[in-house]
Amino acid sequence: MHQREHWSTQIGFIMAAAGSAIGLGSLWRFPYTVGENGGAAFVLLYALFTFFLGLPVFISELVIGRQTQKSAVFAYQSLSKEGSNWKMLGYLNILSCFIILAFYSVVSGWCLSYTLMSLTQFTKGKTPDEIRQVFSILASSPGINLFWLFLFLGLNVGVVFSGVKKGIEHWSKILMPVLLVLLLVLFGYSLTLEGFSKAFSFIMLPDFSKLTPSAILNALGMAFFTLSVGLGIILTYGSYMGPQEDIPRTSFIVALMTFIVSMIAALMIFPIVFTFGFAPEGGPGLVFQTLPILFSKLPGEIILSTVFFALLFFTAITSSISLLEMLVANFMEIFSWSRQKATIITASITFLIGIPCALSSSGALFPNWKAIYGMDFFDTMNYITSSWMMPISGLFTTLFVGWKMERSLFDSELIKGTKWRYLLKPIFFSVKWLAPISVLFIILEQSGLIKFH
Ligand code: TRP
């Protein structure tokens, strides 16, 4: 058995966890989901769910991970009795991570493509509508999507190969600050657009009549997705934590950073949407279709656009490596494989699942998928993972910590390294009662088993 690696510093852990959390979820998925779900009321739910439901799950995962120093499957197994079914939760996590990583890599591939397109000035001489069209052309080009998917997964393999400290922590520490600075610069540009005030009210002033019936579950899924919780990833990162680290404080910092970045992303994109008169419910292409229009109107377009899409790619890779790392860590433990072998095999499986995702808009594979399931393959994977698999796994994670794990283990784990001892009781209360009951309620209501409106 080899020695488990650990983060070298607390800030290294925060950067890696924030790197996992902040990603395409905040910058790509959040804005278009806000648009599709009616704006500010959805944002408000997202905020409440992030801090009152997502954060307790985040903390629970760190507690399990640090306590056991193992990855999901073995962690659940070692904290429960021989022959118990809790390790199934670990397997469910693995399945969800494969699916998310697959479609996430397709979107990340679009980011790489847009970086190259920016360098070759793809907006030159095009009207705003023509610029938007380019996204549809890209999304429905099978070969090009597969190419970028392959490249992106290859880059992930490169980082995860080098392990926790030299790979993940090192790159997150460099890339995260660059990202934050660039984001603020672009947000500054959007502030000057005439559509800003309309965008501001769309995002900040709730109109509950606009809330669609599925918005509540979507907001929960969104909060879990952006925090990376419910899938054993934070658990795996927790297993690389030493005893001196402060779980409540680092968790809160990560949740706050993620929330702020999501808000900045929405406030950066919607002014463009309103300034140029597009529909807010633009779907998954929103970021790719709107920002190039803004860039094309600004001086220094090539630099701005290239830097922005490179940044999107950076945030994507700091998140995707967490998904891959979770898979690799579990496979290393389950099959006693070397890190290298586990990395190659899990990345190859992901590539296979990624193929139908990459080909879904073109209809090159499963042409009747949409007619049968109501959304294309990519959207189906996106939907079932965040709206069902993550909330259900999150629910079981809190049930495990609140009801199955010994209370004294939870207390001692949480108290180690923290000055916020007085938070122990409220945190345990939300892990045991608030989070599971609310999540269960939302799931039951969405599945039609109970009705309250
Ligand atoms: N949180 C990341 C984002 O917002 C995506 C992500 C990374 C993720 N790891 C995850 C989502 C685990 C769900 C589960 O882009």
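Tutor: Sort the shell around the ligand by class: 9 residues are nonpolar and 8 are polar, with no charged residues. In this predicted model, 17 residues surround the ligand. Five of them come closest: Ala-21, Gly-25, Tyr-104, Phe-225 and Ser-228.

Now look at polar atoms of the backbone. Start with Ala-21. One of its backbone N or O atoms lies 2.9 Å from an oxygen atom of the ligand. Move on to Leu-24. Here a backbone N or O atom is 3.0 Å from an oxygen atom of the ligand. Then turn to Thr-226. A polar backbone atom of Thr-226 lies 3.2 Å from a nitrogen atom of the ligand.

How much of the ligand does the protein bury? On its own, the ligand exposes 360 Å², and the protein buries 100% of that area.

Next, see which elements build the shell. Helix H1 (10–21) and helix H2 (24–36) each give two or more residues to it. So do helix H5 (87–119), helix H10 (215–227) and helix H14 (301–335).

Now set the ligand aside and consider the space. The ligand takes up the largest cavity. How many cavities of 30 Å³ or more does a search of the whole structure find? The search finds 1. The volume of the largest cavity is about 140 Å³. Its lining has 16 residues. Closest to the cavity centre are Ser-20, Ile-100, Phe-225, Ser-228 and Leu-323. Phe-225 and Ser-228 were also listed among the closest residues to the ligand.

The lining, too, can be traced to helices. H1, H2, H5, H10 and H14 each give two or more residues to the lining of the largest cavity. Which element gives the most? That is H14, with 3 residues.

Finish with the classes of the lining. The residues lining the largest cavity divide into 8 nonpolar and 8 polar.

Methods
Residues are numbered from 1 along each chain as its sequence is written. This is a predicted model: local features need pLDDT of at least 70, side-chain atom pairs count only at pLDDT 80 or more; totals for chains, interfaces and linings use all residues. Side-chain values use heavy atoms; hydrogens and water are left out. A residue is near a molecule or strand if one of its heavy atoms lies within 4 Å of it. A polar contact is a pair of N or O atoms within 3.5 Å; within protein, one must be able to donate a hydrogen and the other to accept it, and residues adjacent in sequence count only if both atoms are side-chain atoms. Accessible areas come from the Shrake-Rupley method with a 1.4 Å probe; for residues, only the protein chains shown count as cover. On a 1 Å grid over the protein atoms alone, a cavity is a set of points where a 1.4 Å probe fits but cannot get out, and a pocket is an open set with protein on both sides within 12 Å along at least five of seven lines; lining residues have an atom within 4 Å of a point. A molecule sits in a cavity or pocket if more than half of its atoms lie within 2 Å of its grid points. Helices (H or I, at least four residues) and strands (E, at least two) are DSSP runs, numbered from the N terminus. Ala, Val, Leu, Ile, Met, Phe, Trp, Tyr, Cys and Pro count as nonpolar, Asp, Glu, Lys and Arg as charged, and the others, Gly among them, as polar. Grid points are joined across faces, edges and corners, and a volume is the space filled by probe spheres set on the points.
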